[in-house]
Amino acid sequence: FEIRDSIYRGREDFVYRVSAGELPFITGIEPLGGKEEKPVTVSVKGWNLDKKSLPLDTQPGGDHIRWLSHDVNGVASNAVPYAVDTLPEHREKEPNDDIAHAAEIKMNAIVNGNIERPGDTDVFAIQCTAEKNVVAEVYARRLYSPLDSGLRITDAEGKELVANDDCDDMEAGLLAHQADSYLCFTPPADGTYYVHLCDMQEHGGEAYSYRLRLSAPRPDFALRVTPSTLNILPGGIEPLTVHVLRKDGFKGKIKL
């Protein structure tokens, strides 16, 4: 086997460790998460695994993004991320490729789905109230799915009202390609609107899973500090930057 940097760089700090052998390795799970406090078992794909399904930790009080690994004969597999939320969960069902076959989803829910084939689009119908914001957010690439999601919202005639391809998430700052979609939509009138989700590269397959949140805004914030560590002599002064990540339109004051 051969090891190199993916874009042919090299420096003295580009160090690595390699594990080789008949090691357990998880390539993907389905679905990509579950509801808090509910028992959830996911199907697992990979190599040298002794089980085809594993339970998730959905106990309250944990992080939104958690990690799943599996021991085989005392050897731990790699860890893969999954999401835990408090909203009701649904599974996407085909056919739902166009407005005529759109799956009806009640607001404030998570849809676990899959772009099953190249060119596939999943369409969901939601009932909206005029001037009440609706958030549509995809978790896929942040959960190690290869999906490069695209989101559109249309009216019943198929007219596009808002769309989004990629949305940067500073909480996933180590992710090389921020490929998950996010949009906040203000319905102009009461009625049924349609959420269209696809892969922007027109790829698809069993690995192209996603979690789609359809809900009212849930305003929140997170803080990130740079640098992450400080060495300060007694009586000294060092600069510190606190980054505020405002979510779902949060506009409140934050006291540090």
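## An open sheet

Thr121 stands opposite Cys198 in strand 17. Strands here are DSSP runs of E, at least two residues, numbered from the N terminus. This is a predicted model, in which local features need pLDDT of at least 70 and side-chain atom pairs count only at pLDDT 80 or more. Residues are numbered from 1 along each chain, and side-chain values use heavy atoms, without hydrogens and water.

Strand 12 (residues 121–128) and strand 17 (residues 191–199) pair in the antiparallel sense over 8 bridges; two strands pair if DSSP finds at least two bridges between them. An open sheet is formed by 5 strands in the order 10-12-17-14-15, with mixed pairing. Its edge strands, each pairing on one side only, are strand 10 (103–104) and strand 15 (160–164).

## A buried aspartate

Asp155 lies in the loop between strand 14 (149–154) and strand 15. Asp155 is buried (under 20% relative accessible area, 1.4 Å probe, protein chains only). Asp155 touches Ile99, Leu161, Tyr193 and Tyr194, not counting residues up to four places away in sequence; touching means heavy atoms within 4.5 Å.

## Aromatic pairs

The whole structure holds 4 aromatic pairs, counted when ring centres of Phe, Tyr and Trp (its six-membered ring) lie within 6.5 Å. Trp67 and Tyr144 form an edge-to-face pair, 5.8 Å centre to centre with 70° between the planes; edge-to-face means planes over 60 degrees apart. Trp67 is in strand 5 (residues 65–68) and Tyr144 in the loop between strand 13 (134–139) and strand 14, so the pair ties together parts 77 residues apart in sequence.

Key
Helix = DSSP H or I, 4+ residues; strand = E, 2+ residues; numbered from the N terminus. Buried < 20%, exposed > 50% of the residue type's maximum accessible area, 1.4 Å probe, protein only. Lys, Arg positive; Asp, Glu negative; His and termini not counted. Salt bridge = Lys/Arg side-chain N within 4 Å of Asp/Glu carboxyl O. Phe/Tyr/Trp six-rings, centres within 6.5 Å; stacked < 30°, edge-to-face > 60°.
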